[in-house]
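Work through the exercises below with the model open. Try each task before reading its solution.

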Amino acid sequence: MVTAEPLTADDVELMQGLAQRITATRPELVNSDASYGELAWNWGRGHAADGAGWRRRLWFSDGELVAWGWAQLPHRVRRTDGSVKDVTGAYLAHQVHPAHAGLVDDVITWFDATAENLERTVLPCAGDEFALKRWAAHGYETDPAALGDTGSWTQLTERDLVDIEEPVLPRGFRFRTADEAGPAAAVEAHAHAWTPTSYTAEAYEGVRRTPAYRGDLHILVEAPDGTMAASAILWLDEVNETVEFEPVGTHPGYRRLGLGRAMMLHGLHRARAAGARHATVACLGAPGHPRARGLYYGVGFREISRDAPLLKTAG
């Protein structure tokens, strides 16, 4: 059975369930936008503003979701500094259970029909040789710009939760949670780190309403003057006893003080106390983007998988 069209919150929960099943057996095949936490984050922050341009299709086997495609069509992004960005192409987030790998052709065919006459991009896993061959057979080619020294492809990193160092903050800084500090502080922390951004109070409300969100696992670092200097959301997958950090960011005015390192270590301790035994975090993998990768490697994370950016020209 195949179902189609606008992406709903119920769909996202089904998609997270597929992510959990693949994570349990083949975590290296979880696509970059298809992980348990990433799905919650992307849905929560974007559905109010961008949901009208989202299309999805779901594939089931014996009543269980085994593949899905989430097409993000042209739209306008409005940022907090007043600027706008027009996205003119189409992007596909997707996932296919490895036991139903042949469905990737159905996903590709659906995406091509949905995004006809648009430039199309997709990020399959570099280690998924079968899928890469099928994308190539449908006319998708390696995106040279995305793979350049400053390209936008990501890699997934992981570590277990044993032998975690104790975090050390500079004098006067302190850890908070979003539950303690409140919504305004949580939005402020993200906006400072990612300015200019499309993230607003409305976007945060969407994030808070996702079933996977926990305010006690949304951690902040507060500066002595009260500024929210860094933040990270931890998404706990209780089925797999794993936690995903997404997003992670530090205010530009408070970088190089060790806040990111301390916050990551603090988050690992909190995750372990919440029942996690394993942690993941994604970061840009290109050589020209060493900062986040260096932060995560410095607290024990190592690469498990990476994207293979593909492009199909309009027509």
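## Exercise 1: a helix pair

Start with the packing of helix 3 (residues 104–114) and helix 4: the angle is about 35 degrees, and the axes are 10 Å apart. This is a predicted model.

**Task.** Find the handedness of the crossing of helix 3 and helix 4, then work out which residues make the contact.

**Solution.** 
1. Two packed helices are described by the angle between their axes and the distance between the axes.
2. The crossing of helix 3 past helix 4 is right-handed.
3. Helix 3 brings Val-104, Asp-105 and Ile-108 to the contact. Helix 4 brings Phe-130, Ala-131, Arg-134 and Trp-135.
4. Sort these contact residues by class: five are nonpolar, two are charged and none is polar.

## Exercise 2: an annotated region and its backbone

**Task.** Which residues does the UniProt annotation "domain: N-acetyltransferase" cover? Then locate the cis peptide bonds at Pro-196 and Pro-247, and the positive phi of Glu-241.

**Solution.** 
1. The annotation, from an unreviewed UniProt entry, covers residues 173–315.
2. Over residues 173–315 the chain is 34% helix and 30% strand. The end C-alpha atoms are 54 Å apart.
3. Most residues other than glycine have a negative phi, and most peptide bonds are trans.
4. Thr-195 and Pro-196 are joined by a cis peptide bond, with omega about -10 degrees. Pro-196 sits in the loop between helix 6 (183–194) and helix 7 (201–208).
5. The bond from Glu-246 to Pro-247 is also cis, with omega near -5 degrees. Pro-247 is in strand 13 (residues 242–250).
6. Glu-241 has a positive phi, near 50 degrees. Glu-241 lies in the loop between strand 12 (228–237) and strand 13.

Methods. Residues numbered from 1 in each chain as written. Predicted model: local features only at pLDDT ≥ 70, side-chain atom pairs only at ≥ 80, totals over all residues. Heavy atoms only, no water. Axes fitted to C-alpha atoms, helices over the stretch in contact; angles between N-to-C directions. Helix = DSSP H or I, 4+ residues; strand = E, 2+ residues; numbered from the N terminus. Left-handed = near helix turned anticlockwise from the far one by under 90°. Contact = heavy atoms within 4.5 Å. Nonpolar A, V, L, I, M, F, W, Y, C, P; charged D, E, K, R; others polar. UniProt positions renumbered as here; feature names shortened; annotations may be inferred.
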